[in-house]
Amino acid sequence: MKIGTIGTGFIVEWFLTAVEHNENCECLAVFSRKEETGRALADKFNVKKVYTDFEEMLKDEEIDFIYIASPNSLHYSYALKALEAGKNVIGEKPFTSNVRECQELIRLAKEKHLFLFEAITTIHLPNFKRLKEKIGELGPLKMVQCNFSQYSRKYDQFLAGESPNVFTTKFSGGALMDINVYNTNFIMGLFGKPKKINYFANLAHNGIDTSGVLIFTYDGFYAEAVGCKDTKSHNMAQIQGEKGYMLIEGETSRCRQVEIHLNDREGVEIINDQEDITALYYEMKDFLKIVEAKDYDACYKLLDYSLSVCEVMEAARKDAGIVFDADK
């Protein structure tokens, strides 16, 4: 992979750290609207090229992958232009603003025989994969709980009357898209698409959700996902079955450690198969394996999953009455 990146926020730094720790991939260029911010990021990670014109970066024949970490509403337009230019794409979560955009990107990637990936950490984590293998030990499931809450530094600006991207419908922001998307992937990565989805959101004056609770209805059990950007909390996930429970400490974006507590077993089984590297390392490892094997079927399977998540997220927004500019 020879990568060009879009964006200069902290998540791009995590991504570039993941690139440094994976073989057979490197970042050749960064794109930023401002030369100084692009240069600062490039210098920090020894990247040679800085572009302030996206069209010019797309003309760079050395680059074969574009990584997109722009504001949410711009994911689609950047990905569309990259695919049209013949570049493979890795798009940050949330993949797109809505289902229509997601379907169009998938159609174009398949038409042009290009790789297209959603950068969502949770489902690629070794600890997540292990707990998925062992979840049957819990017996019939009854309840799943997730809480991922972080008080956003942008929330104070929002309260002061400003309009940060993450708290506007113009940029497809909100707690669901920014943070509860990880809980959604945790739940759907384990159990698939729910029979029903409901979203109970705390809506601000501009119609954006600053926090909320998702309820997933499955056969025989419910899953609850709390995501807040206006408060903080103890972050965790818990899966409860008739024969025991699993406790996942910390954010569902990282799944740092899994504890398995069984009714008929003394003690606690602890699972931690992850190195102390940015969580993005593991998604990049999976993407590289797929690309090196030219396994388009594996890529398309992941895209089918991303589409199903997008469908659930859109249904949740509709349930709560959240409308993005991109929907119009």
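What volume does the largest cavity have? The views below start there, in a predicted model.

**View 1. The largest cavity.** This cavity has a volume of about 90 Å³. The structure holds two cavities of 30 Å³ or more. Thirteen residues, written 13 in the count, line the largest cavity, and Pro-94, Phe-95, Thr-96, Cys-310 and Met-313 lie nearest its centre. Two elements, α8 and α10, each give two or more residues to this lining. Helix α10 gives the most, with six residues. By class, the lining holds seven nonpolar, three polar and three charged residues.

**View 2. The second largest cavity.** Its volume is about 40 Å³. The lining is made of Phe-117, Glu-118, Ile-120, Ile-123, His-124, Phe-287, Leu-302, Tyr-305 and Ser-306. Strand β6 and helix α10 each give two or more of these residues. The largest share, three residues, comes from α10. Six lining residues are nonpolar, two are polar and one is charged.

**View 3. The largest pocket.** Here the volume is about 1600 Å³. The lining counts 50 residues, and Gly-9, Phe-10, Ile-11, Ala-69 and Asp-178 are the closest to the pocket centre. Five helices each supply at least two lining residues: α1 (10–21), α4 (75–84), α7 (153–159), α8 (175–191) and α9 (280–292). The lining divides into 19 nonpolar, 18 polar and 13 charged residues.

**View 4. The second largest pocket.** This pocket has a volume of about 600 Å³. Of its 22 lining residues, Ile-123, His-124, Lys-132, Lys-301 and Leu-302 are the closest to the centre. Helices α6 (126–134), α8, α9 and α10 (296–320) each supply at least two residues. Helix α10 has the largest share, five residues. In this lining, 10 residues are nonpolar, four polar and eight charged.

View 5. Helix α5 covers residues 99–111. Its 13 residues should span 18 Å at 1.5 Å a residue, and the end C-alpha atoms are 18 Å apart, which agrees. Val-99, Glu-101, Cys-102, Leu-105, Ile-106, Leu-108 and Ala-109 are buried in this helix. The buried residues pack against α4, β6 (116–119) and α10.

Definitions and conventions. Residues numbered from 1 in each chain as written. Predicted model: local features only at pLDDT ≥ 70, side-chain atom pairs only at ≥ 80, totals over all residues. Heavy atoms only, no water. 1 Å grid on protein atoms, 1.4 Å probe; cavity = no way out; pocket = protein on both sides within 12 Å on 5 of 7 lines; lining within 4 Å. Points joined across faces, edges and corners; volume = space filled by probe spheres on them. Helix = DSSP H or I, 4+ residues; strand = E, 2+ residues; numbered from the N terminus. Nonpolar A, V, L, I, M, F, W, Y, C, P; charged D, E, K, R; others polar. Expected span 1.5 Å × (residues − 1). Buried < 20%, exposed > 50% of the residue type's maximum accessible area, 1.4 Å probe, protein only. Contact = heavy atoms within 4.5 Å.
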